[in-house]
Protein chains: 2
Amino acid sequence: MPRDGTATRQRILDTAERLVIENGYAATTVDQVIAESRTSKGSFFHHFDSKLDLARSLVARYAAADIAHLDDAVARARAATDDPAEQVIAFVRVFEDDADELMSAQSSCLYVSILTERQLADAGTSKQIVEAITAWRTTLSTMLRAALDQRRPGHDIDTDALADHVFVTFEGAFLLCRSTGDNGHMRAQLTVLRQLLESLLA
Amino acid sequence: MPRDGTATRQRILDTAERLVIENGYAATTVDQVIAESRTSKGSFFHHFDSKLDLARSLVARYAAADIAHLDDAVARARAATDDPAEQVIAFVRVFEDDADELMSAQSSCLYVSILTERQLADAGTSKQIVEAITAWRTTLSTMLRAALDQRRPGHDIDTDALADHVFVTFEGAFLLCRSTGDNGHMRAQLTVLRQLLESLLA
DNA sequence: TCGGTACCAGACTAGTTGGTCTGGTTCCTA
DNA sequence: TAGGAACCAGACCAACTAGTCTGGTACCGA
């Protein structure tokens, strides 16, 4: 029997993330996480002080991956073209192309589950979510401002809000997929978002 | 002591709706609903067979109000102008103008809470949510098709997906408001949505 | 006036939940 | 090779949860 603490911890986090996204945080029991990650109560509470501590670790890991995903997409968009407006479109295309495999990997976003349970939002977990949202806003707002200044000088658009709209589209699309179980909505929504941005930056 | 069953039932529903939107379904206990609606266990289980039955009643009422809200906005948009494209913009403006009071009445959407808890989504509650989403899609898709055929003949836009994008913007904006507690995001997102549609239907 | 029905109150219960505790195993270091 | 630290197993517990049951009150038709 090997003793590898970090492996067990990761297994717990993976299982918990899946269950929380699937059923929500309150509906996910510690016993369930233990059973499905093939470990024990002693092990669980060795790695996490409480269920709330698990939630915080979960969000921290998820938000870090989310920001990494963002940075990667921005890098790819910048590598594709030097034109600011085309970079914006390329950015959306990165996610549009990956939409199907994204949805097969996770049927929804952890943020949704965490934010709907106020007990968590008040308990320090929301801070990291806000940081991730801010990262998206800051990065995209800059890109959008450059693109709009070039294509639509003198526009009256709030680039922060437009940047948020990308994030909003993701979260809303996750919900839409969830309602019918049809994951195809994610790609369709990203396509629509791109077409809207194309008409704005034409 | 007056005996008015329907009044008590409504009070329970009002309280439960507030609590579920605020804390989520699983995190909302029957005892809590009873306490805050100033009634008793006997009364609660007289009006509702189970907690799940409450959830179903809650969604039914909410979805009906949602569709009524939609129909009202469409009627107002049609009264404002005969031009299809201008109707679309007027429709969004109805919600844009009412955004602040909408957010003060409810800090989030019941759909989000219900959809994140899979136990409910599988238990017949999602059917009514899907019906409401379909109503939005059908109504708006028709409006959008007329507008696009006029302003952008030969376009390649999926009007169903574009119609869904309006719904998606609402749900995503609710989430965004929730993350920071800043309800101003709702109006900002609706403004951005309108500006994007204006550029598309210019 | 009487009996049935809708409505309501609150004690009670069986099952579940997060969390604790004791004991044991592996590994690292001195 | 001894002993401490990290890791893990699972019995156990106190608190809580949805739902039941018994008893009682207002109303309505006969």
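Author: Buried area is the accessible area, taken with a 1.4 Å probe, that two parts lose on being put together, summed over both. This is a predicted model, in which local features need pLDDT of at least 70 and side-chain atom pairs count only at pLDDT 80 or more, while totals for chains, interfaces and linings use all residues. Residues are numbered from 1 along each chain as its sequence is written, chains are lettered from A and ligands numbered from 1 in the order in which they are written, and side-chain values use heavy atoms, with hydrogens and water left out.

Reader: How much area do chain A and chain B bury between them?

Author: The two chains bury about 3800 Å², and 64% of that is on carbon and sulfur atoms. On the side of chain A, the residues that lose the most area to chain B are Thr116(A), Arg118(A) and Leu196(A), together 16% of what that side buries.

Reader: How many residues does the contact take from chain A and from chain B?

Author: Chain A gives 46 residues and chain B gives 46 residues, where contact means heavy atoms within 4.5 Å. The copies meet through the same surface, because 100% of the interface residues of chain A are also interface residues in chain B.

Reader: Turning to charges, how many salt bridges does the rule find across the interface?

Author: It finds 2, a salt bridge being a side-chain nitrogen of Lys or Arg within 4 Å of a carboxyl oxygen of Asp or Glu. Glu22(A) forms a salt bridge with Arg118(B), with the closest N and O atoms 3.0 Å apart.

Reader: Which element gives the most to the side of chain A that touches chain B?

Author: That is α9(A), with 15 residues. Helices here are DSSP runs (H or I, at least four residues), and strands are runs of E of at least two, numbered from the N terminus.
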